[in-house]
Amino acid sequence: MRAVPLGPRSLLSLLLVGAVGVIAFGWPFLAPPASALNAHAQDAPWLFAVLLVLLVAVVAATISESGLGAKAVAMLGVLAATGAALRPIGAGTAGIEPMFFLMVLSGRVLGPGFGFVLGSVTMFASALLTGGVGPWLPFQMLAMGWFTMGAGLLPGRAALRGRTELALLSLYGFLAAFAYGTAMNLAGWPFMGTLASGIAFDPDAAVPVNLARFVAYCVATSLGWDLGRAVVTVVLTLTVGPAVLRALRRATRRAAFETGVTFQDR
């Protein structure tokens, strides 16, 4: 049962924002050293941030038109508020970010369309709650949208249950936690000046050199945090996951998102 079915326009919008997102995150490795984009290395993240805000808004609106009714909006609001409230719990503590496990389970039960909207809205709400608004926020919204949407794309959503499903979700949460951290490293890495560190992005260097710098940057700055996030996501999925999955599926059945509302003359 999917709260938000993905129609052709929704799929097209997701593909568009995905393609632009890949460019926005990966342009340091896609643009040749002599390109005009590298000449504006300090400006590019800001330009992509503005573009991503617009694209995420367009995708959310398109998916909403595909079937985000009143019941689904209520579910979205509750889950986004819960995720936003969970995020500050681990603020300042390496990797303790319980919101990620909730995004995995919600995307699994409610599908990729709902998952993308939920991940983006949750990250936006949590940024307002914690004061984490900045040029990195659109990248966080897109990365979290992908993170949650990916859980909805995992196989066996209708039939797979029990320990096998928990193992699948745990594995996904573990790997996706590192993927999220790597994506956010890509978003912030170009901001570093080449004189600040030997692991900073160098617009004049070749791709292999910058790739080595980026790997060193990830190891030095975020590997411990990403590992903590991955472990916390796995632990919470295995311990609290069964109860949360049952609650989400029960709420989805009772809300009957796919049941159309009809009116009869009396």
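## The pocket and the helices around it

In this predicted model, four helices, namely α5, α6 (137-152), α7 (162-188) and α9 (223-239), each supply at least two residues of the lining of the largest pocket. Of the helices that contribute, α7 gives the most to that lining, with six residues. The largest pocket has a volume of about 360 Å³, and the residues that line it number 19. Nearest to the centre of the pocket lie R87, W136, Q140, Y180 and M184, and two of these residues, R87 and Q140, are taken up again below.

## The overall fold

The protein is built with 10 helices and zero strands, so that the pattern read along the sequence is α-α-α-α-α-α-α-α-α-α. Of its 266 residues, 50% count as buried. When contacts between residues at least 6 apart in sequence are considered, 80% of them join residues that are at least 24 apart.

## R87 at the pocket

R87, which is among the residues nearest the centre of the largest pocket, is found in the loop between α4 (70-86) and α5 (99-130). Which side chain of opposite charge is nearest to R87, and how far away is it? That side chain belongs to E97, at 4.8 Å, and because a salt bridge requires a side-chain nitrogen of Lys or Arg within 4 Å of a carboxyl oxygen of Asp or Glu, R87 is left without a salt bridge even though it is buried.

## Q140, a partner of R87

Q140 lies in helix α6, and with a relative accessible area of 10% it is buried. Not counting residues up to four places away in sequence, Q140 touches R87, M123, G132, Y180 and M184. Among these partners, R87, Y180 and M184 are also listed, together with Q140 itself, as residues that lie nearest the centre of the largest pocket.

In one of them the side chains of E97 and R229 meet, with a distance of 2.8 Å from N to O. E97 lies in the loop between α4 and α5 whereas R229 lies in helix α9, so the pair ties together parts that are 132 residues apart in sequence.

Are these two residues buried or exposed? E97 counts as buried at 10% relative accessibility, and R229 is likewise buried, with a relative accessible area of 5%. E97 and R229 also belong, with D226, to a network of salt bridges.

## Salt bridges of E165

E165 takes part in a salt bridge with R108, in which the closest N and O atoms are 2.9 Å apart. Because E165 lies in helix α7 and R108 in helix α5, this pair ties together parts that are 57 residues apart in sequence. Both E165 and R108 are buried.

E165 also forms a salt bridge with R249, and here the closest N and O atoms are 2.5 Å apart. R249 lies in helix α10 (residues 241-255) and E165 in helix α7, so this pair ties together parts that are 84 residues apart in sequence. R249, like E165, is buried.

## Two further positions

A183 has its place in helix α7 and, at 13% relative accessibility, counts as buried. From C-alpha to C-alpha, A183 and L142 are 9.8 Å apart in space, although 41 residues apart in sequence.

V209, by contrast, is partly exposed, with a relative accessible area of 41%, and is found in helix α8 (residues 207-221). The C-alpha atoms of V209 and I199 are separated by 9.7 Å, and the two residues are 10 residues apart along the chain.

Technical notes:
Residues are numbered from 1 along each chain as its sequence is written. This is a predicted model: local features need pLDDT of at least 70, side-chain atom pairs count only at pLDDT 80 or more; totals for chains, interfaces and linings use all residues. Side-chain values use heavy atoms; hydrogens and water are left out. Buried means under 20% relative accessible area, exposed over 50%, partly exposed in between (1.4 Å probe, protein chains only). Lys and Arg count as positive and Asp and Glu as negative; His and the chain ends are not counted. On a 1 Å grid over the protein atoms alone, a cavity is a set of points where a 1.4 Å probe fits but cannot get out, and a pocket is an open set with protein on both sides within 12 Å along at least five of seven lines; lining residues have an atom within 4 Å of a point. Grid points are joined across faces, edges and corners, and a volume is the space filled by probe spheres set on the points. Contact means heavy atoms within 4.5 Å.
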